[in-house]
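Please read this briefing alongside the sequence and the model shown here.

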Amino acid sequence: MNIALLLKSELRRSAGILAGMALIIALALSIAVAAGICERMVKASAAQSADDFDLLIGARGSSSALLLGTVFLRDEMLPIVPASAWANIREAQTAKSSIRWAAPVAFGDRTPSGRTIVGTTRSFLDRGKSREPAAGRFFTKPTEAVAGASSGYVIGDKFSPMHGRVHGAGHAHEGIAYEVVGILPPTGTPWDRAVMVPIESVWAAHADHDHDHEAEEAHDREQPSAHLFESWMLSNKTHLEELPGFSAVIVKPASVSSAYRLRQRFNEIDAAGHDGKIVPLMGVFSAEVLVNLYAAFGGASQALAFVCLLTSIVALAAVLLASVLLGRLRLPTILLLRTLGAPRRYAAALTWSIVMTAATAGILGSLILGWGAAELCAGALELETGARITPSFSMREIWLALTALAAGAVCALLPAWLAGRMKLS
């Protein structure tokens, strides 16, 4: 007897039952598939976002807040880094080329459309002369801005900054307006939604008028050229304490050994602010903070893995129960085959093939459903964070599918054995 022809006939007759059985398996296993893909893609996206932020210099406080506020542009209350700390950074830059580039950043405003405005310098835009704008040019005046690739702005757009980093709150800064003169290439990070402006303009909008006026006069008098803060500080390091300060400083070390030396150096120094207060500094590695955050959520990850294991066990139990019931439903057909002379192994093989067809369809369906769920999760996270998040399969999902398939094959042996053991009466 040709078992393939009979199997095709039985699949048509039991299509509804087999489809329900496959759906149960697919739904249960898809949770484990989606969880694995989502965990991996979030970690990959976070690592990509932190790629250009090797070393962060901030005022002593929470390293996690410094990372989230600087790398992921979350609304964190970061203590101010005194501008006098820049003198130490310049010394490190000239010492054996230990720094490729460094740039201060200052937060506090947003655009009318809700995009984060970041006050910074040209070094951050060109990554130490290693990056060019995708369109236009970098800013050369305090009234110019450079927009991220996904900010929604184009060259020639004009806007006034809004106070505060929460969309829908705050008020516009009167008398301050920017014109977009350049667009940065896409990076797949939250910075694609940001708008970069000269840090002096952020100081002008927020700093105390007495200190700000004095600093602006010094800047205008001694460095009227277009290089802004970077050129000014080269010849006026003694006046750094007059400036309002930074939210953080982003440093790209020249080597791994330089990175560790710089971190140790900035963990041991203090800086004086324009108000005379001494502020202790800290240097943190973005990758190290990310690892610590992953470890902090390790319990949740383990709990999720346990839930995925339970759903997989439920799916296999469903396979076993459904296969036994299916064998009972097909009892008349099996008895007829035995009466016509079919051997026991033929009846067992037919039953096993029917159950495995449903199990295989369910496992393949779980990969499709899991991928779809991960795509929805990626879309939601990308909409929220602005980071490019791309789901992908790995050997983890392949091994999960193969393990489930092997377990299903074992579970199908029970109804196959029962079908082969049926006695003719």
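V307 counts as partly exposed because its relative accessibility is 39%, where buried means under 20% relative accessible area, exposed over 50%, and partly exposed in between (1.4 Å probe, protein chains only). The model is a predicted one, in which local features need pLDDT of at least 70, side-chain atom pairs count only at pLDDT 80 or more, and totals for chains, interfaces and linings use all residues. Residues are numbered from 1 along each chain as its sequence is written, and side-chain values use heavy atoms, with hydrogens and water left out.

**Helix 11**
- V307 is found in helix 11, helices being DSSP runs (H or I, at least four residues) and strands likewise (E, at least two), numbered from the N terminus.
- Between V307 and I31 the C-alpha to C-alpha distance is 8.8 Å, although 276 residues separate them in sequence.
- L310 also has its place in helix 11, which spans residues 298–329, and L310 counts as partly exposed at 40% relative accessibility.

**Helix 3**
- In helix 3 (residues 63–70), the buried residues are A65, L66, L67, G69 and T70.
- These buried residues pack against strand 1 (55–59), strand 2 (99–110), strand 10 (248–253), strand 12 (278–285) and helix 10 (286–296), contact meaning heavy atoms within 4.5 Å.

**Whole chain**
- The protein chain holds 15 helices and twelve strands, and 49% of its 425 residues count as buried.
- Among contacts between residues at least 6 apart in sequence, 76% join residues at least 24 apart.
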